[in-house]
Amino acid sequence: MRVVVWLPGPLREYVGGAKQLPLDVTDDAVIRDVLDAVGRSHPLLERRIRDEHGQIREHVNVFVGTDNIKDLDRLETRLHSGVEITILPAVSGGAR
Amino acid sequence: MTEYLLAIGTRKGLFLGHSTDRVSWEVERADLGMNSVSAVCIDTRRGRQRVLAGATSGHWGPSVLYSDDLGKTWQEPDRAPVSFPEGSDAALTRVWQLQPGGPAEPEVMWAGTEPSALFRSEDGGVTYELVRGLWEHPHRPTWQPGGGGQCLHTVLPHPRDGSRMTVAMSTGGVYQTTDGGQSWAPSNGGIVALHNPDPYPEYGQCVHKISRHPDEPDRMFLQNHGGVFRSDDGGGSWSPIGGDLPADFGFPIVAHPRRPGSVFVFPLLGDFDRTPPESRCRVFRTDNAGETWQPLEKGLPQDGFQAAVMRDAMSADDGDPTGLYLGTRSGAVFASGDEGDSWHAVALYLPDVLSIRAAVVG
């Protein structure tokens, strides 16, 4: 199935300036699979979202539709065809 | 005409200064965004001029970037330059130190990190591998973070013997290897630990910075969290040399790169004040390995100055005479082209300065 990952301005430099990144994943894919796919195609982008152990960075939020995956099943959150995934910086990360 | 490059790492980005006389500077912001730059390095070995930056985004995490065109463009590899391997119990928070290897290892670059760990690069600082000997040291679980975090901030390769190295961390103190990093031993004899019931523990000191002259590798100078110290036996023992300093707290300590026995510090009132004595911005220099200290203040603010200088925000260049540089937490940067005797403002309103390095580049 195809999903679309929307990117905030600061991350678009890693995909040639694009606002969104369409990805083809298996029908049973979860968020972890999508980010793994991002890591294969755009490794510099992926490591802005996850640390070296695959955990979402503390001040990054990932939404499936309008739901934060922290309120769903986190990296195991299931997806459906055509779903829009949005990466956003958390307000807290700009503290310094 | 000599050209100097000054790399200024701040809480919000990297700034680069260019000068031919170390008095007038053109300062520009490098294209590193709002990353805090805790570590900078200008590596002029191999006839190459590589600028490296340990940059951390509050949102997007840490990385090490490098530029081979004096900061015009920046690169980083596809794989994370510095990362903890699978199975380790830590993730990289930030890079605190980028240090070229010794003369016999022109492609080696070292990185000191938070959490406290040492990484080695064999490709000029592009990618790094964890030094497991230190990471797996039995003391590691008991190291405690200082106010800035649990960081390994000082990396001193031995200038003549590639198997020897000294590192320092806050807290944890000084550790040394004599077998190329496979095993490490604490080397804190004589360094006080003011925050510990036993003031002279084997390890756990809050060492802030160490420096030494390459021609005298067994003589090292140390700014501690309380006290300035010297070792004449390669770190085997340390003795206080704070003597006539107005305060013995501080963060940076810089050995004169060409004149053994000359050292610079920036004293702060400690421990619960951390502002300069008498509210004056003063560097202190010893020319006799710490027996006496003299203030260097010409051209520096001498009235109402309250800012601190962080451990990597004071350094020397490789010019002749030696140039000195300091950056403050209030965003001011000062340069001296005459070994600290007089100073000129490079910039006054930058973000707070975390790291500073300078070199002759032309």
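Two residues are in contact here if their C-beta atoms, placed from the backbone, lie within 7 Å. With that in hand, let us walk through this predicted model, starting where the two chains meet. Chain B brings 15 residues to the contact and chain A brings 16 residues. Sorted by class, the chain B side that touches chain A has 5 nonpolar, 6 polar and 4 charged residues.

Once its neighbours within four places in sequence are left aside, Leu6(B) is in contact with Leu16(B), Gly17(B), Trp25(B), Tyr325(B), Ala335(B), Val346(B) and Ala358(B).

Strand 1 of chain B covers residues 4–10 and pairs with strand 2 of chain B in the antiparallel sense, over 7 bridges. A hairpin of 2 residues links strand 1 of chain B to strand 2 of chain B, and across the pair Leu5(B) stands opposite His18(B). Strand 2 of chain B, residues 13–19, has 6 of its 7 residues buried, so it is largely enclosed by the rest of the structure.

Strand 2 of chain B also pairs with strand 3 of chain B (residues 26–29), again in the antiparallel sense, this time over 4 bridges. Here Gly17(B) stands opposite Val27(B) in strand 3 of chain B. Strand 2 and strand 3 of chain B form a hairpin with 6 residues between them, and in the turn Arg22(B) has a positive phi of about 60°.

Further along chain B there is another sheet to look at. Strands of a sheet pair through backbone hydrogen bonds, either parallel or antiparallel. In this open sheet of chain B, 4 strands lie in the order 19-20-21-22, with antiparallel pairing. Strand 19 (249–255) and strand 22 (294–296) of chain B are the edge strands, each pairing on one side only. On average, neighbouring strands of this sheet are turned by 30° against each other, direction ignored. Within the sheet, strand 20 (residues 263–268) of chain B is joined by 3 bridges to strand 21 (residues 283–286) of chain B, and the two run antiparallel. One of the residue pairs to look for is Val263(B) with its bridge partner Thr286(B) in strand 21 of chain B.

Note on methods: Residues numbered from 1 in each chain as written. Chains lettered and ligands numbered in written order. Predicted model: local features only at pLDDT ≥ 70, side-chain atom pairs only at ≥ 80, totals over all residues. Pairing = 2+ DSSP bridges. Axes fitted to C-alpha atoms, helices over the stretch in contact; angles between N-to-C directions. Buried ≥ 20, exposed ≤ 12 C-beta atoms within 10 Å, placed from the backbone. Nonpolar A, V, L, I, M, F, W, Y, C, P; charged D, E, K, R; others polar.
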